[in-house]
Amino acid sequence: MMNKLQTNLAAAKNRYQDTLKALDEVGAKQIKAAKIVSALQAEKDSLADVQEQVNNIRLDAMETGKTTVYLPVELSKKYERLREIDEVLPTALRRKESLAKERAVTEVAVEDAGEAIRREAGSILAAEQADVWERAKELWSEYVETIREVLVLGSTGHGRYPWSEIAEHLNSLTPSAYRELNGEGVAKTNVGREKVRQRYADLIAPLGAAPF
């Protein structure tokens, strides 16, 4: 089972790397798209008076009854460029907006992939905890049977440990264990906790561990 959990963690990390790569790619596209939109808008601003000039020439032609309008070569080039910008700028803006949406979706995918890593790492520790818990229960069962043996060996009345002493010992187990885990021995418990947290951080690397 542990091998499967390790495989799942590795797969989650691979997905995370894939989403990071996708995020980098969409980010690079966004930079290019933003530069193009900025350049087009700046160029359009620089040609702001071209349409006005063309309109004035058209009006002059109308006033003289001319049906054909001839623009100066330089103005004609600027006017043609302005038309090109007007045609392509809306598409460039839509592409920029589309990339922003794509980035938002990709960022969610990165977060989901990161959470999957934390979840799979947590599953590994949970499986280890379950194994240790089963071992603890086995040790307890062994302990109970050992105490039973102590008890029955005193059945002839010649034992060194009467039932009253055995019972007192059993009754002290829970308070004693609590003191060792969360009371006087809490420092040792905290050291263990810190080791597990560090191991969790190592398992989820390169992610940062969430606050505990």
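# A tour of salt bridges, pockets and a patch

Select Lys101 to begin: at 53% relative accessibility, this residue counts as exposed. The classes used on this tour are buried (under 20% relative accessible area), exposed (over 50%) and partly exposed (in between), with a 1.4 Å probe and protein chains only. The structure is a predicted model, in which local features need pLDDT of at least 70 and side-chain atom pairs count only at pLDDT 80 or more, while totals for chains, interfaces and linings use all residues. Residues are numbered from 1 along each chain as its sequence is written, and side-chain values use heavy atoms, with hydrogens and water left out.

**Stop 1: salt bridges**

The side chains of Glu97 and Lys101 form a salt bridge, at 3.7 Å from N to O. The term denotes a side-chain nitrogen of Lys or Arg within 4 Å of a carboxyl oxygen of Asp or Glu. Both residues belong to helix H3 (residues 73-153), where they stand 4 residues apart, about one turn of the helix. Helices here are DSSP runs (H or I, at least four residues), numbered from the N terminus. Glu97 is partly exposed, at 46% relative accessible area.

Next, select Glu134 and Lys137. Their side chains meet in a salt bridge of 3.1 Å, N to O. This pair is also in helix H3, 3 residues apart, a separation of about one helical turn. Lys137 is partly exposed at 38% relative accessibility, and Glu134 is partly exposed at 39%.

Which helices hold Arg199 and Glu128? Select both residues: a salt bridge of 2.7 Å, N to O, joins their side chains. Arg199 lies in helix H5 (residues 186-204) and Glu128 in helix H3, so the pair ties together parts that are 71 residues apart in sequence. Arg199 is partly exposed at 31%, and Glu128 is partly exposed at 26%. A search of the whole structure finds 8 salt bridges.

**Stop 2**

On a 1 Å grid over the protein atoms alone, a pocket is an open set of points where a 1.4 Å probe fits, with protein on both sides within 12 Å along at least five of seven lines; lining residues have an atom within 4 Å of a point. A volume is the space filled by probe spheres set on the points.

H3, helix H4 (163-182) and H5 each give two or more residues to this lining; H3 gives the most, with 8 residues. By class, the lining of the largest pocket has 11 nonpolar, 3 polar and 3 charged residues. Ala, Val, Leu, Ile, Met, Phe, Trp, Tyr, Cys and Pro count as nonpolar, Asp, Glu, Lys and Arg as charged, and the others, Gly among them, as polar.

Then move to the second largest pocket, with about 170 Å³ of space. Residues to select from its lining include Lys29, Ile36, Val88 and Leu99. Helix H1 (2-46) and H3 are the elements that give two or more residues to this lining.

**Stop 2: a nonpolar patch**

Finally, select Leu151, Val152, Leu153 and Trp163, which form a nonpolar patch on the surface. H3 gives the most to this patch, with 3 residues. Leu153, in helix H3, is exposed at 60% relative accessible area. Nonpolar patches join side chains of Val, Leu, Ile, Met, Phe, Trp and Tyr within 5 Å, from residues with over 30% relative accessible area and no salt bridge.

Methods: Patch = residues over 30% accessible without salt bridge, like charges linked within 9 Å, V, L, I, M, F, W, Y side chains within 5 Å. Areas by Shrake-Rupley, 256 points an atom, 1.4 Å probe, with all protein chains shown as cover.
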